[in-house]
Amino acid sequence: MREANAVYGGEMSAHHYFRDFMFCDSGTLPWLMVLSALSQSGTGLAAMVQDMRVAFPSSGELNFRVSDPEHIKKTLENELQHEAQTVDHFDCRSMAFDTWRFNLRVSSTEPRLRLNH
């Protein structure tokens with residue numbers, strides 16, 4: 001985030017980082033923002049996120065213990081890159097297609113490959 005001067009960075013594990021919060025993790029700030037948006041919208045949380053969940057479905061994070069995670073990331077990209085609309089190497093391997101997407105990264109704390117679909 002610091003290298004890119006990103007405003008926000010988040011993880012499926014509910015870590016939320018904000019540039020204006022000294023690039024630190026905060027679980028409180030996102031909920032305050034959600035509460036603010038809810039109070040201004042006059043609708044419920046489920047209604048606010050319904051369209052986004054349809055457009056960007058998520059399986060949650062799937063974890064795999066593998067012997068060579070870098071090899072798997074490269075092999076997967078080589079097999080699928082000709083079909084992908086976008087390929088992103090920032091902090092992981094993310095690929096987007098017509099009707100689906102995924103993010104694949106090596107855990108920095110465990111010997112696991114993490115897949116978000």
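Predicted model: local features only at pLDDT ≥ 70, side-chain atom pairs only at ≥ 80, totals over all residues.
Trainee: Where do R114 and E61 lie?
Mentor: R114 lies in strand β8 and E61 in strand β4 (residues 61-64), so the pair ties together parts that are 53 residues apart in sequence. Strands (E, at least two residues) and helices (H or I, at least four) are DSSP runs, numbered from the N terminus.

Trainee: Is R114 buried or exposed?
Mentor: Buried, at 8% relative accessibility. Buried means under 20% relative accessible area, exposed means over 50%, and partly exposed is in between (1.4 Å probe, protein chains only). E61 is partly exposed at 27%.

Trainee: What else does R114 meet in a salt bridge?
Mentor: E110, at 2.4 Å, N to O. E110 is partly exposed, with a relative accessible area of 36%. Salt bridges that share partners join E61, R105, E110, R112 and R114 into one network.

Trainee: And which side chain makes a polar contact with E61?
Mentor: N116, at 3.4 Å. A polar contact is a pair of N or O atoms within 3.5 Å; within protein, one must be able to donate a hydrogen and the other to accept it, and residues adjacent in sequence count only if both atoms are side-chain atoms. N116 sits in strand β8 (residues 113-116). N116 is buried, at 9% relative accessibility.

Trainee: How many salt bridges does the count come to?
Mentor: The count is 7. One of them pairs R19 with D20 at 3.8 Å, N to O. R19 is partly exposed at 27%, whereas D20 is exposed at 73%.

Trainee: New topic. What is the strand order in the open sheet of 3 strands?
Mentor: β1-β2-β3, with antiparallel pairing. Strands pair if DSSP finds at least two bridges between them. β1 (8-10) and β3 (24-25) stand at the edges with a single partner strand each, so one side of each has no neighbour in the sheet.

Trainee: How many bridges join β1 to β2?
Mentor: 3, joining β1 to β2 (residues 16-18). In β2, Y17 is the bridge partner of G9.

Trainee: Cysteines next. How many disulfides does a search of the whole structure find?
Mentor: The search finds 0 (a disulfide needs a pair of cysteine sulfur atoms within 2.5 Å). C24 is partly exposed at 35% relative accessibility. C92 is buried at 9%.

Trainee: What does the side chain of T75 reach?
Mentor: The backbone oxygen of H71, at 2.8 Å. T75 is in helix α3 (residues 69-80), and T75 is partly exposed at 33%.

Trainee: Last one. Which residues make the nonpolar surface patch?
Mentor: W31, L45 and M48, with about 310 Å². Patches take residues with over 30% relative accessible area and no salt bridge; like charges are joined within 9 Å, nonpolar side chains (Val, Leu, Ile, Met, Phe, Trp, Tyr) within 5 Å. Areas come from the Shrake-Rupley method with a 1.4 Å probe, and for residues only the protein chains shown count as cover. M48 is in helix α2 (residues 45-55) and is partly exposed at 34%.

Methods:
Residues numbered from 1 in each chain as written. Heavy atoms only, no water. Salt bridge = Lys/Arg side-chain N within 4 Å of Asp/Glu carboxyl O.
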